[in-house]
Amino acid sequence: MKAKETAWATSRSARVLESEVVIIGARVAGAATARHLARAGHDVLLLDRADFPSDTISTHVIARSGMVLLDRLGVVGDLVESGTPRLRRVEFTSDLGFLSRTIKDRYGVDFVLAPRRYVLDDILQRAALGAGAHLRAGVSVDGVLRDETGRIVGVHGHDESGPIEVHARHVVGADGLSSRIARSVDAQPTIVRPSSGACQFAYFAGDWEAIEYHLSDGVFAGVFPTHGGEACVWAITTESLARHYRHGAHGADEALAAVLADHAPGLAERLAPEDQRTPVRGMLRMPNHFRKPFGPGWSLVGDAGYHRDAITGHGISDALRDAELLAQAVDTSLHCPALEVSALARYESHRDRMSARIFEITVGLAAFPDQERFVALQRDLAVAIDDLAGELHSRPLPRAAEARPGARTDAALTAPA
Ligand SMILES: Cc1cc2nc3c(=O)[nH]c(=O)nc-3n(C[C@H](O)[C@H](O)[C@H](O)COP(=O)(O)OP(=O)(O)OC[C@H]3O[C@@H](n4cnc5c(N)ncnc54)[C@H](O)[C@@H]3O)c2cc1C
């Protein structure tokens, strides 16, 4: 399909923009979906209310499965060049003992990365723009537009200059857990499991080399070395334990320090207060659910469609996987509208099947069983991630169109410096 040049026009009081596909949310899920679709020759507009580059509430280790997908997007080299360390050693401490292992070379991956989100999201956005997609930051989407049949035909929102409408053949909600698109189309939950997990984290300077995990009863803490010699130091607990520590402390920094001192003393003693580089941030309740991810003219990808507790560190990998699956479905439906329902239904069934094993492990871990069971689930997780990485690695690469004459790498539209 020939890319249409996007252009502002005036309709009623709103400025109107036209694009073949509009994607709401320009981080992992949105930017990756945009890159795949733009590479396949589609005209894609990304909208996000945030300004970039910017951080978001997330720790950020990327599993082997996600590394395979980043490689397919062609961005692993950029990530390594950004200065995030290659991580090859994983250490696990619990009352059952200490384990250290080296990441094996499988499916083209012999290290993992934990890039800061303001770097990862920026590199993915640049990759999308490089493929010909467009990005408008600082645009809040308020709802969807429908035609007389109820089909979704665009979105409306606003930026600092006033109201905006975007008319599109397909609307993708990549707008995270609290997705406005999911609410606007009334995307119903399809699977819901109990959610009780909380995660708090901050960045510390230090001599960090390995991914570290520290398990005690009811607390899973860890270290993800990242840019600038810093590490993301985090603790996942039940929501009730997180609230208990919050109530007993003067602020979130003191609460995280107390959790670590009580439950991961070997880590806590290496965290000098003067080495803390950021305030503690986090999330007190991390839901476990799937949503119906498509309907006439719309789809959901990433956390907007599937959210799970961060205890397995697999959300970024899930978002990258679903971006690839969805882009293939949307590509098919744009080329052949009669196949829209079957292509998007296949996206849903692939998403659910490929998520099921790690989702069940996630729910099991988030319930904090005894340490023996927790460690057994961690072993299951490692096997499940490797199996998923193998399946993703063996899939044919997404379709890429011939290079588009005149495709823009619209750097002027992006905030990144
Ligand atoms: C505490 C915590 C720790 C985590 N740790 C890990 C980890 O170690 N490893 C891992 O793989 N995953 C981790 N995750 C999960 C991971 O952060 C998410 O799965 C991932 O960010 C999902 O990406 P996304 O693009 O779907 O959504 P998001 O990253 O949430 O991006 C959504 C975007 O949509 C935009 N948006 C929302 N609403 C609108 C609107 N109305 N108009 C315009 N724009 C809008 C937002 O500004 C945002 O930029 C963690 C999550 C949490 C909460």
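Modeller: Happy to! Setting aside the neighbours within four places in sequence, I211 is in contact with V61, L87, V90, V223 and F224. Do keep in mind that this is a predicted model. I211 belongs to strand β11, which covers residues 211–216. I211 counts as buried because 21 other C-beta atoms lie within 10 Å, and the cut-off for that label is 20 or more. R89 is worth a look here too: 122 residues separate R89 from I211 in sequence, yet their C-alpha atoms are 6.3 Å apart in space.

From there, let's turn to helix α2, residues 64–73. Nine of its ten residues are buried, so the helix is largely enclosed by the rest of the structure. Those buried residues are R64, S65, G66, M67, V68, L69, L70, R72 and L73. The cover over them includes α1, α3 (76–81), α4 (117–130), α9 and α11 (371–394). Just past the end of α2, G74 adopts a positive phi of about 80°.

Two of those covering helices, α1 (28–39) and α9 (315–335), also reach the ligand: each supplies at least two residues of the shell around it, as do β3 (44–48), β7 (140–146) and β14 (281–291). The biggest contribution to that shell comes from α9, with four residues. Of the 38 residues around the ligand, the nearest are G25, S58, G176, G302 and G315. Sorted by class, the shell has 18 nonpolar, 14 polar and six charged residues.

Methods: Residues numbered from 1 in each chain as written. Predicted model: local features only at pLDDT ≥ 70, side-chain atom pairs only at ≥ 80, totals over all residues. Near = placed C-beta within 6 Å. Nonpolar A, V, L, I, M, F, W, Y, C, P; charged D, E, K, R; others polar. Buried ≥ 20, exposed ≤ 12 C-beta atoms within 10 Å, placed from the backbone. Contact = placed C-beta atoms within 7 Å.
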